[in-house]
Amino acid sequence: MNRLHRLRAPLALAACAGLLAACSSGGGKTSSSQLVYTSVDATNPITAGAPMNPFNASGNYFPSYDTMQLGFDKQNPKDPDDFFPGLAASWTISSTGITVKLQPGAKWSDGTPVTPADIKLSMAIALTQGSATVGAGFLTQGLDVGSVTEVDASTVQIDQAAGGTNLNFARLVLGQYIVPSSVYGSLVPSSIWSTIDDLASADSATASAAVTKLNAIGKAVSAFSPAKDVSAGPFVIARVNPGSAELTRNPDFYALSKIVPSEVILRHFSGNSDIWGYMKSGELDSAPYTSMPTNILDSVLKTGYTRVDSASFVDAAIAFNESDAPYGQAAVRQALAYVIDRQAVTKVGEPVGGTAASDLTGMVESATKQWLTPSQISSLNPYSPDQTKAASLLTGAGFKKSGSQWLLPDGTPWKITLQTVSGFSDWNAAATVVSSELDSFGIPTQVKLTSDFATYKTDMAAGKYAVGFWLIALGPSASAAYQRLYGQDDGYTANANGTVTHADGGGNWQHTPTSYTVNGTAIDPGLLTAQLATLSATAQQTQVQQLALATNEQMPVIPIWDYTNVNFTYDKRFTDFPGASSPDINGLMYNQPGVWMMQGYVKAK
Amino acid sequence: MKTLIRRLLPKLAAGLVMIWAVASFTFFLVHALPGNPGDAAYENYILAGMPPEQAQAKVASIYGFTSHDPLLAQYRGYIWRLLHGDLGQSISYSGVPVTHVLRAAAPWTIFPALAGLIIAFLVGTSGGALAAVKRSSRWGGVLSMSGSFFAGIPAFVLALVLAFLFHTEWNLLPYGDTSDVTLTPGFNGPYIASVIQHAVLPVATYALLAYGGWLLTMKSSVISVLGDDFILAAELRGLHPRTRMRYVSRNAILPMFTMFALSIGYLLGGSVLVENVFDYPGLGNVLFQAIGARDYPLMSGAFLLITVAIVLANIVADLLYTVIDPRVRR
């Protein structure tokens, strides 16, 4: 009896556990739907405790699922205004602005229609999110909205501020988050448009006061936590857990017939291995890009996933601080480009999500092919591995070889410290191969890790690293790609009068020169890059070609691989996913599956 | 009662001074980290594949929440707000109060860490007592070996192995959340079962990590008590071995209670690694993200919470010792 008495507590616990386990497959679910689409939103991860607000930097909002834009970017390098329709069914772009026709029947999930007033409010809010600056910056860089006019109940005209010359204006407008005035309206004073007008005031005090007011409104909007999600997208958030979100189909969505899943579950992730784990157990219907080694790729494919490759418009490169000898010499950078076998490095560093850089123009290969003529492409130096050419270039620059070691022109041994970041597994693996190749060529190379990326960036800006890994060729547009090399990131400032000044220091670190001589012609890369921002895509051709040829010759960076946007789809529960042959595949894969569904993809199996 | 209060007051005062000192130290420490919230966020967005203009816009939205005052002025403001119970606004959460973020995450650290600690304590101390008594037998050796084995495994490695085996390889246990999101939170069977199921891996990690320490310490404590005169006297008096064992256990477990209270505080600090591996959304995960984002107010708030937990655990341990060991009260 005594023994039984002692066993009572453990038995009770075991009974409770059994009961709970028995209940676990039973009721309590918010939905018994069979058509649950599960994925991960890598660019908008779920953040525990954050509000359901697209203007919050960590907000729990999911573009194309619940959060809508007027359109969704197709990632077209030569046409920045090429978008999939979102809340805008169509649009016309003029020199002063954009006129948008809203989707017929567009409604919020509370049943009220999406109106021009919602668009007007959303544009005003967008201006409070750090875009509000005075002077030339306001008119050339940000979302320089001057007015939003209701043309009719479903048409709205959005114009740039007087004097605005931003060629990306339409693109910026189309990409803004549109929020309901019934939820966000109370956060924005009715006088906001007169405050926005004040930004362009000739009186600097008035303009500065307007910036202060708008920023204060922006802070209130960012920190706002709506009680529930009111969405105009195909889904609406039902619940956000600390590690996942449940979205249910929005019965008021304007194209409901195209949306097959009745529910979407988005999982949180903190590292690539989380996504690999979800895929290995077949939990995800589609998975975003993750850097992965070949053995993981094999196991994922074995589970039944289909790989979909598209362009990603980012390059991993080795960059130089040109103010640090001997990296200011083009011959040195060119010689190193001949020593590094990019195929071999990519095979180890990014075997699945990368292809060895081939054109070395400062843009990814797919963009280079669109901007340059075939004859220009064939004239590019591919820098195929060639140690003889490397040695010849170095000898010509005054370097000598003593035994197996290269010496600098002053006779001291040349050693390289190749800097990379802890946790960036692809860069680190690549760095070991580069180091080994340089070692065997006669330049002892040490790989050094910085603890995290924030420290890396700060140390680079402070000029602490001579050679390090760096991301280049950002974004589909040539303008964005060259900004990374010869724009603000490298100390160039575009002035309102059309000139460009270069401050060699203060945050930039590559210290590229203000002038290159290419084929006997002197060019100013900073000026050309600044001009790209003021020219239409069709008028940019000459500048882009000059910059591409100059970059190929001068090698301010050695591109190692173009990242490939490798996504995965799993057709066990759904079918008709976008595939390699789908039109606009780059844009589809760049966007979340909500866009795929709006385009008619993703059907029940 | 008066004695208790007399003992408590100086400890509370010392605890407050300690909290102020640690809060000040961590404030300056986190601000000394290289990098700033804007730069950290921008490059992270780029790495996630966001186009530069969108990344710039997102960074602009957190810029307004980053203080640009001189550091000493920021420190004065921080201490003043602390005195009013305000931990400030998170930068990476665009102005959401730090207390809100910590409050949302705290239960998901306290529950698994405490559960793991209790399991480890119960199993470890029982195993330690057994290993001491049976130290000459094969079972005693196996128990001691198991203690040394788990005490020697780094937290990160153990968590990775459990995650790989039980989630990735065998798909037996969930991962990366606190419950099935489709279940309605509340006091209902399916939800509670789901919470328990999702907590199994972190709880098992905490328990296995702490188990070895408890076992080995308890074993050595029991061996030490077994050699005491009063045990010899009890044996000579012919007391039943179970009664003798009760005497031994009660005396041997005294230092364990102090360690138990202290462990609660330290477990909160140790949650950073475990939660990161399991992507379990507790305080450790919040702190990890905050460091990467250079979210100074959130980092300071999380460090402060850990400090307060450790200081309070110390005070409770001291008081507990007074209560359970009458000799200390003399």
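This is a predicted model: local features need pLDDT of at least 70, side-chain atom pairs count only at pLDDT 80 or more; totals for chains, interfaces and linings use all residues.
**View 1. The contact between chain B and chain A.**
Let us start where the two chains come together. Chain B brings 57 residues to the contact and chain A brings 62 residues. Between them the chains bury about 4,800 Å², with 55% of that area on carbon and sulfur atoms. Three residues of chain B deserve a look here: B:Glu43, B:Val181 and B:Thr182 supply 13% of the area that chain B buries against chain A, more than any other three residues. Polar contacts are present too, with a count of 16 residue pairs between chain B and chain A. On the side of chain B that touches chain A, the elements giving two or more residues are helix H2 (37-47), helix H3 (52-63), helix H5 (98-105), helix H8 (155-169), helix H9 (189-226) and helix H12 (254-278) of chain B. Which of these helices gives the most to that side? That is H3(B), with 8 residues.

**View 2. A salt bridge that crosses from one chain to the other.**
Across the interface of chain B and chain A there is 1 salt bridge. Its partners are B:Arg294 and A:Asp452, whose closest N and O atoms are 2.7 Å apart. Both ends belong to loops: B:Arg294 lies in the loop between helix H13 (283-293) and helix H14 (296-324) of chain B, and A:Asp452 lies in the loop between strand S19 (445-450) and helix H16 (453-461) of chain A. Are these two residues buried or exposed? B:Arg294 is buried, with a relative accessible area of 1%. A:Asp452 has 18% relative accessibility and also counts as buried, because the cut-off for buried is under 20%.

**View 3. Salt bridges within chain A.**
Over all chains, the structure holds 13 salt bridges. As a reminder for this view, side chains of opposite charge can pair when their charged atoms come close. One such pair joins A:Asp285 to A:Arg573, with the closest N and O atoms 2.8 Å apart. A:Asp285 is found in the loop between helix H8 (272-280) and strand S13 (286-287) of chain A, and A:Arg573 in the loop between strand S25 (557-570) and strand S26 (574-575) of chain A, so this pair ties together parts that are 288 residues apart in sequence. Another salt bridge links the side chains of A:Arg239 and A:Glu246, at 3.9 Å from N to O. Both A:Arg239 and A:Glu246 are buried. Look also for A:Lys74, A:Asp82 and A:Asp584, which are linked in a network of salt bridges.

B:Ile118 is partly exposed, with a relative accessible area of 39%. Helix H6 (residues 107-133) of chain B provides the largest share of the patch, 6 residues.

**View 4. Backbone details in chain A.**
Most residues other than glycine have a negative phi, and most peptide bonds are trans. With that in mind, follow the backbone to A:Phe313, whose phi is positive, near 60°. A:Phe313 is in strand S14 of chain A and counts as buried at 2% relative accessibility. A:Leu360 likewise has a positive phi, near 50°. This leucine, A:Leu360, is found in the loop between strand S15 (354-356) and helix H12 (365-371) of chain A, and A:Leu360 is buried, with a relative accessible area of 2%. Is the peptide bond from A:Ala325 to A:Pro326 cis or trans? That bond is cis, with omega near 5°. A:Pro326 belongs to the loop between strand S14 (305-320) and helix H10 (330-339) of chain A.

Definitions and conventions: Residues are numbered from 1 along each chain as its sequence is written. Chains are lettered from A and ligands numbered from 1 in the order in which they are written. Side-chain values use heavy atoms; hydrogens and water are left out. Helices (H or I, at least four residues) and strands (E, at least two) are DSSP runs, numbered from the N terminus. Buried means under 20% relative accessible area, exposed over 50%, partly exposed in between (1.4 Å probe, protein chains only). Contact means heavy atoms within 4.5 Å. Buried area is the accessible area (1.4 Å probe) that two parts lose on being put together, summed over both. A salt bridge is a side-chain nitrogen of Lys or Arg within 4 Å of a carboxyl oxygen of Asp or Glu. A polar contact is a pair of N or O atoms within 3.5 Å; within protein, one must be able to donate a hydrogen and the other to accept it, and residues adjacent in sequence count only if both atoms are side-chain atoms.
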